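This report describes contacts between side chains. Please consult the sequence and the structure shown here while reading.

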Amino acid sequence: MTEETIQLELDDSGLAPGLPAPAHPRDQVQDVPYRPVEFRDDDLPTALERCSAWLRQAQEWLGEPLDVLAIHLDYDDRQGSPYYDVKLLCNEEDLAGVPIAIRNKQ
């Protein structure tokens, strides 16, 4: 059995440059492990809608369903902070574009 090496183009945080970024300034892809992608808002339906929109864009970019390991809902009641914090815990290989690189190599 031979191992094949796949070359990935990654930015400084280990993400594929083509990965769609969450659209709202409060939302972000966080560091490992599990690469949480965070959506924060005072209105839960709005945070969930942005989460859903990003997930659709990321899956379209990836060309297959994104591997979401868990969904975490928390809140932050500190003054001046968005109350709801929705996080998708994503497979970091998907966010790095590994499935794309494998398809392009074939």
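## Aromatic contacts

Y75, Y83 and Y84 form one aromatic cluster. Rings of Phe, Tyr and Trp (its six-membered ring) pair if their centres lie within 6.5 Å; planes under 30 degrees apart count as stacked, over 60 as edge-to-face and the rest as tilted. This is a predicted model, in which local features need pLDDT of at least 70, side-chain atom pairs count only at pLDDT 80 or more, and totals for chains, interfaces and linings use all residues. Residues are numbered from 1 along each chain as its sequence is written, and side-chain values use heavy atoms, with hydrogens and water left out.

The structure holds 3 aromatic pairs. The ring centres of F39 and W54 are 6.1 Å apart and their planes stand at 50°, so this pair is tilted. F39 is buried, with a relative accessible area of 0%, and W54 is buried at 1% (buried means under 20% relative accessible area, exposed over 50%, partly exposed in between, with a 1.4 Å probe and protein chains only).

## Salt bridges

There are 5 salt bridges in the structure, each a side-chain nitrogen of Lys or Arg within 4 Å of a carboxyl oxygen of Asp or Glu. D76 and R40 form one of them, at 3.5 Å from N to O, and both residues are buried. D76 also meets R78 in a salt bridge, at 2.5 Å from N to O; R78 is exposed, with a relative accessible area of 57%.

D27, D41 and R50 are linked in a network of salt bridges.
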